[in-house]
Amino acid sequence: MVYVISQDGRPLMPCSNPIARLLLKQGKAKVKRREPFTIRLTYETTDYTQALTLGVDTGSGTFATAVCKDNGEIVYMSEVTVRNDIADRMEQRASYRRNRRNRKTRYRKARWTNRANSIRKGRFSPTMQSKIHSHVKEIGYIRSILPVTKMVFEMGQFDPHLMKNPALASPKMRHWGYQKGTNYGFENTKAMVLNRDSYACQYCKGKHKDKKLEVHHIVFRSQGGSDEESNLVTLCHTCHKALHDLKIRPDLSGKVKGTLKYATQMNSIRRQLLGLYPDAAETFGYVTKANRLQLGVGKEHYYDACTIASEGKPFVVKSNLYKKKCVPDGDFQKTKGARSEQPIVTEKIHGFRKFDKVKYFGKEYFIKGRMSTGYAILMDIDGRKADFSTMPKGYKTPKMANLKRLTARSTWMVTTVEVIPNTA
């Protein structure tokens, strides 16, 4: 499958590999992009196209897209992994700056309240901006190489309160359950737990005669324990101290902290995408699941996208899968260490940058790390380090002199994966 662009940049219907090879040989086309392989015609042609439907399985961690013809042929398929490291990186940067300020510039006037972008109304966090931009970028890219006539997005509204308390689905409880939570009638969660446990130590049952009661996290907060009542228990001060001193080991079961941030993010992504693409149709996860089960295909993200694009009709995959992973545009950290002891080289080393796509002994990799001595560490698109321990002596650590760069670093890494054709 080769994607075709007209002489004036308009997307046309894709062609087969032999036809593209013939056009290139005759000088009627030029290569515009190698992955996915796209050619641009050098002569004027008709604007005839067919109806194409773009299906998008939106997501907060991974989303997938597929383009389907009316006859059920899938002519494009991709799976994109978005960034979830922005908040951690910004927190790390803030700690570095705070550390430096305490050591070097304590005399300077505080400036953390004059950031206009952080206090403006309607602001989205950097993480959300990145995730929405990833969806928009992939949709824009697809529409630049294929004449999409219809778009269908799988999106859903999530109710975090109902997800935490499934009992709210009951009509008898719904009318008052959203107003009266688990702590209704109590000052806080601690007071509710004490009342639940009848103001008695749940280990010694009052044998220590210790009137000082404390609320203990069964799964420690340092280990990701939740602050909900299901992870809390009442202990007297004597038993609580003995537990932390490892003198007693009560048989208690708690729960780790659950997260609803991805559900909240999907609510925001849904609203933004529907605002950007008002002509797009909306479908829901339970519809896609029912159609996928009826078709008998796998539950991978890209098969969900194919089911959405085909609108539940049988489809046949004619395209490869293009796996993409969003990465930072560049390396901006110049040093590392608590006091910036070690400098970090951000420019090219021996002609290579981090995340460049290279070929090493016939296989494609991405550069994970570089050494000034001329060696490199390679990885696949999922970040797994490539193992060359079985290679002959001298090739166990790849030399940059033996690497051939295929694609320079950009804001995403792309690789092609062959998918077993689906004949649903």
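**Helix, aromatic pairs and backbone angles**

Q: Which residue just after α11 takes a positive phi of about 55°?
A: This is a predicted model, in which local features need pLDDT of at least 70, side-chain atom pairs count only at pLDDT 80 or more, and totals for chains, interfaces and linings use all residues. Residues are numbered from 1 along each chain as its sequence is written, and side-chain values use heavy atoms, with hydrogens and water left out. Most residues other than glycine have a negative phi. Just after α11, the positive value belongs to Glu-311.

Q: How many of the nine residues of helix α11 are buried?
A: Helices (H or I, at least four residues) and strands (E, at least two) are DSSP runs numbered from the N terminus. Buried means under 20% relative accessible area, exposed over 50% and partly exposed in between, with a 1.4 Å probe and protein chains only. The buried residues of α11 include Tyr-302, Asp-304 and Ile-308. Helix α11 (residues 301-309) is largely enclosed by the rest of the structure, because the number of its residues that are buried is eight.

Q: What is the angle between the planes of Phe-153 and Tyr-277?
A: Rings of Phe, Tyr and Trp (its six-membered ring) pair if their centres lie within 6.5 Å; planes under 30 degrees apart count as stacked, over 60 as edge-to-face and the rest as tilted. The count comes to 11 aromatic pairs. Phe-153 and Tyr-277 form an edge-to-face pair, 5.9 Å centre to centre, with an angle between the planes of 85°.

Q: How many residues apart are Phe-153 and Tyr-277?
A: At 0% relative accessibility Phe-153 counts as buried, and at 11% Tyr-277 does too. Phe-153 lies in strand β7 (residues 150-154) and Tyr-277 in the loop between α9 (261-276) and β10 (281-283), so the pair links distant parts of the chain, and the separation in residues is 124.

Q: Which lysine has its charged end 4.4 Å from the ring centre of Trp-412?
A: A charge sits over a ring if NZ of Lys or CZ of Arg is within 6 Å of the ring centre and within 35 degrees of the ring normal. Lys-137 lies over the face of Trp-412, at 4.2 Å from the ring centre. The lysine at 4.4 Å is Lys-324.

Q: What is omega of the cis peptide bond between Glu-35 and Pro-36?
A: Most peptide bonds are trans. Pro-36 lies in the loop between β2 (29-34) and β3 (37-41). The bond that joins Glu-35 and Pro-36 is cis, with omega about -5°.
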